Amino acid sequence: MNQTDLWTVVTIIGMALMTVVTRSFFFLSSKPWTLPGWAQRGLHYAPIAALAAVIVPEMVMTQGHFIATWKDARLFAVAAGTAWYYWRHGVLGTILAGMAVYLPLHMGLGW
Amino acid sequence: MKRLFNHPDLRAGVSDMAAVAPGIAAWGLMTGVAMVKSGMSLIEVLLMAILVFAGSSQLAALPLIVAGAPMWVILATAFCVNLRFMVFSAHLRPYVMHQSLWKRMANGYLMADLNYVLFTKRFPHPGTDPAVIEAQEAYWIGNCATGWVSWVGASLLGIALANSIPLSWGLGFAGILALLGIMCSLASTRLRAVSAGIAGAAAVATFALPLKLNILVAIAAAVAVCLLLEKPSPASPAAPAAGTGDAT
């Protein structure tokens with residue numbers, strides 16, 4: 001294994017501070033202020049938007065490009081997971097059903 | 001404190017997160033493997049797994065660290081990749097401002113995407129009476145602790161097993177499926193479904209942006225479109241289209 005580098009250790013501690021700073025950014029100041037009403041309403045749409053923004057590119061893109069083939073294990077896994085969710089309403093089942101489709105296609109057929 | 005640990009909402013927080021923990025764990029596992037494969041030393045990898053607690057920023061930083069990029073570049077990258085959490089902290093501010101600064105920062109540090117999503121799903125509005133505030137704190141602790149243990153525990157396991165689990169298996173996709181299940185559970189109104197559609201499309205369309213800024217653009221686009229499509233609330237006059245104009 002490689003040598004531990006002090007500079008890298010400091011960088012990693014700095015990254016942990018970045019985690020704290022971004023995640024508690026609007027918790028830091030205790031001056032009283034509230035978001036305007038439109039922003040508060042808008043934020044109710046933020047959680048689902050954040051999830052979609054994180055996962056959709058991971059489902060339909062490879063190396064930064066939209067996939068050009070339907071022979072991609074992820075598409076079938078997403079379809080299976082979504083179908084499970086609307087059939088049984090369980091997140092755990094969504095994961096298991098999706099992976100049950102994904103792994104054979106991905107590892108078996110190389111999709 | 002003891003009351004908080006016996007609170008029924010703590011158990012609810014634990015069980016809501018436990019349902020998605022296998023997906024989070026698979027993701028953490030593969031992040032552990034990726035960290036070892038990058039060529040960092042064992043101490044560096046362990047420190048990162050335990051302290052940084054931000055999967056996308058860890059993965060973004062790996063190639064930069066290995067290439068010997070300047071520290072400010074790596075920290076700026078970590079900051080930008082985490083920008084969506086600033087939006088989340090703006091949302092959660094009214095829920096935490098009664099706490100001390102240290103506690104607020106600790107609660108922020110533990111906030112992963114799913115904690116924010118599950119928490120705002122269970123508590124759409126900040127608590128006003130002490131009982132609700134206590135329930136919210138208990139839920140947050142249970143939810144975050146479960147998430148932290150599954151993520152960090154799985155990362156450590158991935159570090160230990162790095163040479164027997166190839167990245168090519170794609171086990172990390174279970175994490176995406178976990179988020180997919182939660183997304184389906186949130187899509188309970190038409191506008192929420194619209195929000196997901198816009199955000200997904202925008203994130204793909206702007207994927208070429210550096211530093212995962214496509215995620216931030218996608219959230220902004222989805223929120224803006226949903227505000228425009230919303231029926232004007234009875235309190236406000238119907239005339240001005242909901243945009244930035246009625247900001248005050």
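Hi everyone. Let's start at one glycine: just after helix 5 of chain B, B:Gly68 takes a positive phi of about 75 degrees. Helices here are DSSP runs of H or I with at least four residues, numbered from the N terminus.

Before going on, some housekeeping. This is a predicted model, where local features need pLDDT of at least 70 and side-chain atom pairs count only at pLDDT 80 or more, while totals for chains, interfaces and linings use all residues. Residues are numbered from 1 along each chain as its sequence is written, and chains are lettered from A and ligands numbered from 1 in the order in which they are written.

Back to helix 5 of chain B, residues 55-66. Its twelve residues reach 17 Å from first C-alpha to last, close to the expected 16 Å, which is 1.5 Å times one less than the number of residues. Among its buried residues are B:Gly55, B:Leu62 and B:Ile65; buried means 20 or more other C-beta atoms within 10 Å of the residue's own, with C-beta atoms placed from the backbone. What do the buried residues of this helix pack against? Helix 1 (6-23) of chain A, together with helix 3 (21-37), helix 4 (42-51) and helix 6 (71-81) of chain B.

That takes us to the interface. Here 64 residues of chain A are in contact with 84 residues of chain B, contact being C-beta atoms, placed from the backbone, within 7 Å. Helix 3 of chain A gives the largest share of the chain A side, 15 residues. By class, that side has 42 nonpolar, 18 polar and four charged residues; Ala, Val, Leu, Ile, Met, Phe, Trp, Tyr, Cys and Pro count as nonpolar, Asp, Glu, Lys and Arg as charged, and the others, Gly among them, as polar.

Now the cores. A nonpolar core is a set of buried Ala, Val, Leu, Ile, Met, Phe, Trp, Tyr and Cys residues joined through C-beta atoms within 7 Å. The largest has 88 residues, and those touching the most other members include A:Ala49 and B:Ala222. Helix 11 (residues 173-186) of chain B supplies its largest share, eleven residues. A second, separate core of 19 residues includes A:Ile12, A:Val21, B:Leu62 and B:Ala78.

Last, the domains. Chain B is assigned domain 1 (2-176) and domain 2 (184-233), with bounds from an automatic or database assignment. Their C-alpha centres lie 22 Å apart, and nine residues of domain 1 are in contact with seven of domain 2. Thanks, everyone!

Notes: Helices (H or I, at least four residues) and strands (E, at least two) are DSSP runs, numbered from the N terminus. A residue is buried if 20 or more other C-beta atoms lie within 10 Å of its own, exposed if 12 or fewer, and partly exposed in between; C-beta atoms are placed from the backbone. Two residues are in contact if their C-beta atoms, placed from the backbone, lie within 7 Å.
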